[in-house]
Amino acid sequence: MAVSYTSREQIEVYRFSWPVAILIPLLAIFLQAFLPLRFSFFSIFDLPLLIVIFFAMARRSQVAGLMTGAVIGLLQDSLTHHPLGVYGIAKTVVGYGASSLGVKLDVESVGTRLLVTSGFYVVHQIIYFTIARLLVGLDLHWVWSRELIAAVANAVVGVLLFTLMDRLKERA
Amino acid sequence: MDTFIGRYRNVSILAAAVFLQLIGLAYQVKKQTSKDSEESSRLLRVWAISAITPLEKGIVRLQTGTGNLWHNYVYLRGVRQENRDLQEKLQKLQLEQVRLQQDATQARRLQSLLGFKEQFIDQTIAAQVIGSSGSEQSRVVYIDKGSTDGIKEGMPVISAEGIVGKVILVQSSVSQVLLINDQTSGVGTILEQSRLQGVLKGRASGQLVLDKVMSEEDVKTGERVLTSGGDQIFPKGLPVGTIGEVKRGGEFLQVQVKPAAALNHLEEVLVITKKREREPDKAAVSSMRAADILAQRLPQVPDKPAEPAKTGSQTIGSTNLTKPATAGGMAPGVAQPKPTIGASVPSPGTQPKPIAPVPTGTTQTTTHPATLGSVPLTTKPVQSRPLQNGASGNAQATSQPKATPAGTAPAATTVKKPAAQPAQTTPPIQTAPQSDTGDTPQ
C-alpha cells in the first residue's frame with residue numbers, strides 16, 4: 001500500500017461494472033460532441049476529462065488511471081480532424097496524476113474535488129496547448145483568464161457530476 | 001534491473017504510453033499530407049464515429065420528429081396569416097426572379113464572349129447536423145449523410161444563409177464537415193462592392209478573417225463577402241458573410257468577417273453533390289464578333305421620327321458598357337454579376353423596337369467591341385435600383401442607366417430605350433434540373 005495522508009478507511013478502492021466503465025465515457029464523449037451544437041457555452045466544459053479524473057481517483061490505480069485517460073483521450077481525438085494523440089497524451093498524464101493523488105489524499109470531500117479538478121483542468125490544458133502548438137502546429141493562444149474561468153466552471157460541474165457518479169461505485 | 005522496473009513500474013508504463021502516443025502523433029503529423037496517414041488512423045476514427053453518431057442521429061431524429069409533430073399538427077396558430085404573407089412575398093420574389101434571370105442571361109452571354117467558365121449548383125442533398133467534434137480547436141460537425149447518399153470528400157456544404165464548410169471525411173452514413181471558421185480551412189472570397197479578393201481563414205477563437213489584404217486597400221465595414229470560386233470548391237457568388245471590424249497597422253489589414261451562416265447553431269445544411277461547369281459555346285460566338293452582336297442589339301434609328309415616348313425613355317450615360325447590377329442575396333446557381341453589356345440590351349433573338357427615335361442631330365455612340373474584353377473586372381459594380389411595384393417596375397429595372405467604367409470614351413448620348421417586356425421577350429433561364437434524390441435543388 002502506498003504511503004497515504006489519509007486514514008485507512010478513507011483509502012477505499014472502488015471498481016465499476018463493465019457497462020458503467022464503457023457507457024459512461026461514451027456518454028460523456030457523446031454529450032461533449034452533441035451539446036455544444038445546441039448550447040454554445042457548453043464548449044467550455046470538458047466532460048471526458050471529468051470522467052477521467054473521477055475514474056482515476058476512485059480506482060486509485062495508476063495504471064488503470066492512465067489507461068482510462070489514454071482510451072478516452074484517443075476517442076475524443078478521433079472525433080476531431082487533428083492527428084490522434086493530442087487529447088490522448090494530455091488525458092493519459094491527467095489519469096496518472098489523478099490516480100496518484102487519489103492514493104495520497106482524501107478525494108471524497110467537495111473542497112478537495114474542487115481543487116483537484118480545477119488543478120487538473122489547467123494541467124490538461126497546458127499539456128494540450130504544448131503538444132498542439134509544438135507538434136501539430138496549431139495556432140493557439142493561451143489566455144489565462146479564460147482558462148481559469150473554464151477551470152472553475154469544470155470544477156463546479158465536476159463536483160456535481162462526481163456526486164451523481166458516486167452511486168455507481170462498487171467497493172473492490 | 002528487475003528491481004528498478006518493478007519499483008518504477010507505473011511510471012514506466014506512463015512513459016511508455018506517452019511515448020507511444022508521441023511517436024504516433026509525430027508520424028501522423030509528418031505524413032499529414034499523404035494518404036497513408038489518413039489510412040493509419042482511419043480505423044480508430046471509424047470506430048469512434050460509429051460508436052457515437054448512432055446515438056446522435058437517434059436523438060436528432062427524435063427531436064425533429066417531436067418538433068414536426070408539434071408544429072405540423074398541434075401548433076398551427078397564425079398559419080393562415082403566415083400563408084398570406086408568404087404568398088405576397090412569393091409574388092414579389094417572382095417579379096424579382098424575372099429581373100435576375102435577365103441579368104443572369106446577359107452575364108452568361110458576356111461570359112461566353114469573354115471565354116469564361118462558370119459553375120452552377122446542379123444537385124444538392126439536404127443533411128441534418130448531428131454532432132460536433134466537441135473541441136474548440138477542431139471546428140468540425142457531423143452530418144447524417146454519407147457515401148451511400150452520394151457524399152464524397154471535398155464537396156462544399158452550404159446553408160440557406162451562406163457557406164458552411166466542406167466534407168473532409170466520409171463514412172457510409174455519416175460525414176465530417178470542416179467548418180470555414182476552423183484554422184485549417186481557407187476559402188477564396190471576393191468583396192461584393194470593391195471586388196477585392198482574399199483568402200478567408202479561421203482563427204483559433206473561431207473568428208473569420210480575410211487574410212493578406214494590403215493595408216492600402218479600402219475595405220468598408222458591412223460590405224458583403226462572396227465566394228470567388230478560386231478555391232475550386234465553392235461555386236462563385238455564394239454569400240460568405242459581411243465585413244466586421246477592420247484594423248489597420250502593419251503591412252496587412254486585419255479584416256474580420258461575420259459569417260452569414262450560423263456556424264455555432266447549425267441544424268440543416270445542403271451538400272453540393274454536383275456542380276455543372278459550362279464551357280462557353282465558342283462555336284456559337286466565334287462566328288460573330290462582339291461588335292456585331294452589340295450593334296445588332298443596340299436600338300436602331302427608325303426611318304421616321306416618332307413622338308417621344310412618355311415612358312421607357314432613359315438616358316444612358318456616356319456609354320453602354322455598364323457594370324453589373326448587384327442584386328442582393330445572390331442565389332446559388334445564378335451567375336455572379338460581372339461587367340455586362342448594358343442592361344438595356346435585349347435578349348438574343350429579340351430585335352429591339354425603340355418606341356422613340358434618337359433625336360435628329362444626335363450621334364449614337366457605340367463602344368468599340370475591342371473594349372469589351374478589356375473591361376476591368378475589378379471595377380465597382382453599381383447597385384441595382386430597387387424593384388418597383390408591378391411589372392412596370394421590372395421593366396424599369398432592366399433599363400436603368402448604369403455607371404460608366406473607367407477608361408471608356410464618354411459620349412453622353414441620349415438614347416430612347418425600348419420599354420422592355422422581359423417576361424415575354426426574354427427566354428427562360430436555364431435552371432438547374434431537379435435533384436433526382438428528391439432533395440432541394442438549387
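Modeller: Please bear in mind that the model is predicted. The largest nonpolar core has 101 residues, and those touching the most other members are Ile53(A), Val164(B), Val269(B) and Val271(B). Helix α2 of chain A, residues 47-59, gives the most to this core, contributing 11 residues. Leaving aside residues up to four places away in sequence, Ile53(A) touches Val94(A), Ala98(A), Thr117(A), Phe120(A) and Gly158(A). As a general background, nonpolar side chains in soluble globular proteins tend to be buried together.

As for the contacts between the chains, 40 residues of chain B are in contact with 38 residues of chain A. On the chain B side, α2 (9-30), α3 (35-74), β1 (118-132) and β5 (175-179) each supply at least two residues. The largest share of that side, 12 residues, comes from α2(B). By type, the residues on the side of chain B that touches chain A comprise 21 nonpolar, 16 polar and 3 charged.

Two backbone angles complete the picture. Arg60(A) lies in the loop between α2 and α3 (62-79) of chain A, and its phi is near 60°, a positive value in a residue other than glycine. Arg60(A) counts as buried because it has 23 C-beta neighbours inside 10 Å, the threshold being 20 or more. Gln232(B), with phi near 65°, also a positive value in a residue other than glycine, is placed in the loop between β9 (224-227) and β10 (239-247) of chain B. Gln232(B) is exposed, since 11 other C-beta atoms lie within 10 Å and the limit for exposure is 12 or fewer.

Key:
Residues are numbered from 1 along each chain as its sequence is written. Chains are lettered from A and ligands numbered from 1 in the order in which they are written. This is a predicted model: local features need pLDDT of at least 70, side-chain atom pairs count only at pLDDT 80 or more; totals for chains, interfaces and linings use all residues. A nonpolar core is a set of buried Ala, Val, Leu, Ile, Met, Phe, Trp, Tyr and Cys residues joined through C-beta atoms within 7 Å. Helices (H or I, at least four residues) and strands (E, at least two) are DSSP runs, numbered from the N terminus. Two residues are in contact if their C-beta atoms, placed from the backbone, lie within 7 Å. Ala, Val, Leu, Ile, Met, Phe, Trp, Tyr, Cys and Pro count as nonpolar, Asp, Glu, Lys and Arg as charged, and the others, Gly among them, as polar.
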